[in-house]
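Hi everyone, thanks for coming. Please take a look at the sequence and the structure on the screen, and then we'll walk through it together.

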Amino acid sequence: FDRADTPFGEYLPDEVRPQSASSPKAWVEAMRGALNKHERYSSFRSDRRGALVQGKALSGYTLLPFMADDLDLTREELYALRQFLDDHQVETLRPANYRRPTFSGHTSANVTVNVRDHGAVGDGQTRDTKALQAAIDACAAAGGGTVLFPAGDYLTTTLHFRSQVTLHVTRDAIIRSAPDGFDHPEPNYPNNLYQDFGHSHFRNSLFYARGLENVGVTGPGGIECTSLQSGNIVAPGIGDKGFTFVECRNVEFSGFRMNGGGHFGFLIKDCENVVMRDLFIDAERDGMNIIDCRGVLIERTYMEAVDDTFCFKSDHSTGAVLVCEDVIVRESVANCIGCHGIKMGTETMGVFRKFLFENIHIAAGHQSGITIQGQDGAVFENITYRNIKINTAAVPVYFVIGERLLAPGNPRPG
């Protein structure tokens, strides 16, 4: 057993330390059993909002956010434990007709550009926007690759992505949103008649990308977006979204933590081939809105949100009625303080098909655990929910077809 020296072993009860296990699988099963029976794990409390989660028959991955606090694990030890579980848990089944995202990869140039070399200070006080944008542009001009954020606290307003560029936020690095100075929301009439302000305008975000390919952000560092505003309308110069990616292809978000995010932590609209994995998100309003996207994989993600957590929509913000399909969400945790754990809607103009949700723990769904809310004429087909565990929700499952019909033309109820 080559993981006997795993750093978190000393924190576990003797009977479930890695040294005592005959195999990785045996250790995982022993850990689950012991923790579920252990008095200290009869209940858990989420990190700061007090939502009570009962500790019954939880998977090893579901336990991670709570073990970090109760066992005083460092972030490094938490990542080590998570990787260990990922390596050794049995692969879940996936219906063959669900298309997983495929990537063409970055260009062969694959350069690395350090933001410090372009004048970034990283002291949490100096606005580094110009230096960070210069590093992104230089990386793209060299053929693409990685923009490296070494240890530091980088204060910034709107950053514009370029194709073939990935931002890598190292372990002791933070990208922090400034309180003002963001790009102004672009005009979007008449498309903005069919959804609210936050959905209709894209540029007033911390990270903005449109019409790009092979782009992303990787961790394990942090994104602090607590200065962003979560209201339905914000003044020019104020940011209200963390990540806004529109009409992009081959997008990856992995391995980082994000706090805040304004109205939307992630607004991903009309994108194709999107992977979001190993994320730790504490959102101020909506965690992520995946809108009219094709080929999406979300996995091993813990998300706490005041509004909806994992939310899928179809709107008219780019002037077309589109399809959202081939979406897989698995091995994740939703802790919803205000609305819905897993939701389709409320913006529902197009077609939703081939969705698979599996092995998900909904720690709390204030209004519902699972919702399909078709209000604008959408069609829903081939939607699968498998092994979903809901701890607390006003309504565990809520499906409704309504007649709001906020869509162009003369839509009928779906």
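Here is a question to start us off: is aspartate 376 buried or exposed? Aspartate 376 counts as buried, because its relative accessibility is 1%. By that word I mean under 20% relative accessible area, while exposed means over 50% and partly exposed is in between, using a 1.4 Å probe and protein chains only.

Before we go on, a word about the model. This is a predicted model, where local features need pLDDT of at least 70 and side-chain atom pairs count only at pLDDT 80 or more, while totals for chains, interfaces and linings use all residues. Residues are numbered from 1 along each chain as its sequence is written, and side-chain values use heavy atoms, with hydrogens and water left out.

Now, back to aspartate 376 and its partner. The side chains of aspartate 376 and arginine 404 meet in a salt bridge, at 2.6 Å from N to O. The rule here is a side-chain nitrogen of Lys or Arg within 4 Å of a carboxyl oxygen of Asp or Glu. This pair links distant parts of the chain, 28 residues apart: aspartate 376 is in the loop between strand 25 (351–374) and strand 26 (379–390), and arginine 404 is in the segment after strand 27 (393–401). Helices (H or I, at least four residues) and strands (E, at least two) are DSSP runs, numbered from the N terminus. Arginine 404 counts as partly exposed, because its relative accessibility is 37%.

How many salt bridges are there by this rule? The count comes to 23. One of them joins lysine 313 to glutamate 347, with the closest N and O atoms 3.3 Å apart. Lysine 313 lies in strand 22 (residues 310–314) and glutamate 347 in strand 24 (residues 340–348), so this pair ties together parts that are 34 residues apart in sequence. Both lysine 313 and glutamate 347 are buried.

Another one is formed by arginine 210 and glutamate 247, whose closest N and O atoms are 3.2 Å apart. Here too the pair links distant parts of the chain, with arginine 210 in strand 10 (residues 205–210) and glutamate 247 in the loop between strand 13 (241–246) and strand 14 (249–254), 37 residues apart. Arginine 210 counts as partly exposed at 34% relative accessibility, and glutamate 247 counts as partly exposed at 33%.

Let's stay with strand 24 for a moment. Nine of its nine residues are buried, so strand 24 is largely enclosed by the rest of the structure. Which strands does it pair with? Pairing requires that DSSP finds at least two bridges between two strands. Strand 22 and strand 24 run parallel and are joined by four bridges, with serine 314 opposite threonine 348. Strand 24 also pairs with strand 25 in the parallel sense, over four bridges, and there histidine 340 stands opposite serine 368.

Strand 20 (residues 294–299) is mostly covered as well, with six of its six residues buried. Strand 20 pairs with strand 17 (residues 272–277) in the parallel sense over five bridges. Five bridges also join strand 20 to strand 23 (residues 323–336), and these two run parallel. Valine 296 stands opposite valine 327 in strand 23.

Next, the nonpolar core. A core is a set of buried Ala, Val, Leu, Ile, Met, Phe, Trp, Tyr and Cys residues joined through side-chain atoms within 4.5 Å. The largest one has 66 residues, and those with the most contacts inside it include Phe207, Phe243 and Phe312. Strand 25 gives the largest share of this core, seven residues.

Finally, the aromatic rings. Rings of Phe, Tyr and Trp (its six-membered ring) pair if their centres lie within 6.5 Å; planes under 30 degrees apart count as stacked, over 60 as edge-to-face and the rest as tilted. The whole structure has 19 aromatic pairs. The rings of phenylalanine 352 and phenylalanine 355 have centres 6.2 Å apart and planes at 45 degrees, so this pair is tilted. Phenylalanine 352 counts as buried at 0% relative accessibility, and phenylalanine 355 counts as buried at 0% too. Elsewhere, Phe161, Phe207, Phe243, Phe245, Phe253, Phe256 and Phe266 form one aromatic cluster.
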